[in-house]
Amino acid sequence: MPADPQRSVTSHPPLGSGTSAVEVRRSSRRRRTVSAYREGDRTIVLIPARMSEAEEQRWVTVMLDKLAAQESKRLLGDSDLTERAERLSEQYFSGRARPTSVRWVTNQNTRWGSCTPSEGSIRLSHRLQGMPEYVVDYVLVHELAHLLVPGHGPRFWRLLEAYPRTERARGYLEGVVAADRLPHLPAAREE
C-alpha cells in the first residue's frame, strides 16, 4: 500500500551532498522510523508527520550522510574514479582539470592521493575505499587542483575553497590518522 504523505517538500540539499534535490514526505502512519532512498538525482526522505521542522532538518542531514556512506562502500573501479574526477572537474573547476588517468593504488600508505601534473595522472590510496563519498571526492578535488596548481600555496587552497566539504573531509581524514596512532589493546579472551 502506498504511504499516506501529508506533505511533500522539495528543497536544496546541504552543500556538497552530491544530490540536486531532497523531497521530504510526511506520513501519519509512520510513527518513529525515518528512511531514505535515491530516485534519480533526488533523495526521498520519509518521516513521521508529527516531526518538527528542526527534527526534519536534522534527519535529512543524517539520512543524506547515511546514504552517501552506503554508496561509497560499493567499491569503485578505476573507470568509476575517472568518471567521478571528470564530474568533479566540471563542477568545481569548469572542466579545466583534465587527468589522463585516475586509479586506485595499494602502495600509498602515508598519503591519501598523489598527482603527477606533468603526466596528468592521479592515484588514490586504496585506504580510501569504503570511506564516505564526500571524503573520496575531497581527495579527488585536491588532486585535480594539483593539475592546475602544482604546489600547496595560497592559489592552490583558494581553488579548494570551491569544494564545500573540504574542512569536514580533512577533519575525517585527520581522525582516521589519529585513530591509527592509538594503542591497540589486546582482544578480551573468552572464558
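**Close-up views of a predicted model**

**View 1. Helix α2 has a buried side.** In this predicted model, the residues of α2 that are buried are Leu81, Arg84, Ala85, Leu88, Ser89, Tyr92 and Phe93. They share the same side of the helix, because they cover an arc of only 140° around the axis. On the face turned away from the buried side of α2, look for the exposed residues Glu83 and Glu90. The cover over the buried residues of α2 includes β5, β7, α3 and α4. Just after α2 comes Ser94, with a positive phi of about 55°.

**View 2. Tyr92 and Tyr163 form an edge-to-face aromatic pair.** Their rings are 5.3 Å apart centre to centre, with 80° between the planes. Tyr92 belongs to helix α2 and Tyr163 to the loop between α4 and α5, so the pair ties together parts that are 71 residues apart in sequence. Both tyrosines are buried.

**View 3. Tyr134 meets Tyr172.** Here the ring centres are 6.4 Å apart and the planes lie at 80°, so this pair is edge-to-face. Tyr134 sits in helix α3 and Tyr172 in helix α5, 38 residues apart. Tyr134 is buried, at 9% relative accessible area, whereas Tyr172 is partly exposed, at 31%.

**View 4. Ser125 and its surroundings.** Ser125 is part of strand β7 and counts as buried, with 0% relative accessibility. The residues Ser125 touches include Trp104, Arg111 and Trp112. Over the face of Trp112 lies Arg127, 4.1 Å from the ring centre.

Technical notes
Residues are numbered from 1 along each chain as its sequence is written. This is a predicted model: local features need pLDDT of at least 70, side-chain atom pairs count only at pLDDT 80 or more; totals for chains, interfaces and linings use all residues. Side-chain values use heavy atoms; hydrogens and water are left out. Helices (H or I, at least four residues) and strands (E, at least two) are DSSP runs, numbered from the N terminus. Buried means under 20% relative accessible area, exposed over 50%, partly exposed in between (1.4 Å probe, protein chains only). Contact means heavy atoms within 4.5 Å. The arc is that of the directions from the helix axis to the C-beta atoms. Rings of Phe, Tyr and Trp (its six-membered ring) pair if their centres lie within 6.5 Å; planes under 30 degrees apart count as stacked, over 60 as edge-to-face and the rest as tilted. A charge sits over a ring if NZ of Lys or CZ of Arg is within 6 Å of the ring centre and within 35 degrees of the ring normal. Lists of a residue's contacts leave out its neighbours within four places in sequence.
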